[in-house]
Amino acid sequence: MLTEADHRYYPGSRLQVVHTWEAFRDQVRIFKPDAVYYYGHGIARQTGASTRLLFENPNDGKADDRPGSDFARVLGDLEKKPVLAYVNCCHGDAGGLMGLG
């Protein structure tokens, strides 16, 4: 349990914040995090379908939705895998066994 802020954690030093899919994919390889925390929107296109995570799309302002399996694949392909991946989103368990919950 955190009892106070740890000032060693700030963007660029022990903490990385990304908004786009490309930034996530690139920075997770460069930064080599011990933990990944996704906090954002998730959608389920149809009942039983896997959850899709929403990232910003800087080109047209629309959401860039990616399957949760793509998120998992990026982490699984890392040479140094994170110890923890926590996904906090709407519809995270919408896909049942294919969900993120």
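Predicted model: local features only at pLDDT ≥ 70, side-chain atom pairs only at ≥ 80, totals over all residues.
Colleague: Which strands sit at the edges of the open sheet?
Modeller: Three strands make up that sheet, in the order β4-β5-β6, with antiparallel pairing. An edge strand pairs on one side only. That gives β4 (42-43) and β6.

Colleague: Is Asp 65 buried or exposed?
Modeller: Asp 65 is part of strand β6. Buried means under 20% relative accessible area. Asp 65 counts as buried, because its relative accessible area is 17%.

Colleague: Which side chain joins that of Asp 65 in a polar contact?
Modeller: Leaving out residues up to four places away in sequence, Asp 65 touches Ile 43, Arg 45, Arg 52, Leu 53 and Leu 54. The side-chain polar contact spans 2.4 Å, and the partner is Arg 52.

Colleague: Why do the buried residues of α2 line one face of the helix?
Modeller: Helix α2 covers residues 68-76, and its buried residues are Gly 68, Asp 70, Phe 71, Val 74 and Leu 75. Looking down the axis of α2, they line one face because they fall within an arc of 160°.

Colleague: At about what angle to β6 does α2 run?
Modeller: Among the elements covering the buried residues of α2 are β5 (52-56) and β6 (63-67). α1 lies across β5 and β6, at about 50° to β6. α2 also lies across β5 and β6, and its angle to β6 is about 70°.

Definitions and conventions. Residues numbered from 1 in each chain as written. Heavy atoms only, no water. Buried < 20%, exposed > 50% of the residue type's maximum accessible area, 1.4 Å probe, protein only. Helix = DSSP H or I, 4+ residues; strand = E, 2+ residues; numbered from the N terminus. Arc of directions from axis to C-beta. Contact = heavy atoms within 4.5 Å. Polar contact = N/O pair within 3.5 Å; in protein donor to acceptor, adjacent residues only side chain to side chain. Pairing = 2+ DSSP bridges. Axes fitted to C-alpha atoms, helices over the stretch in contact; angles between N-to-C directions.
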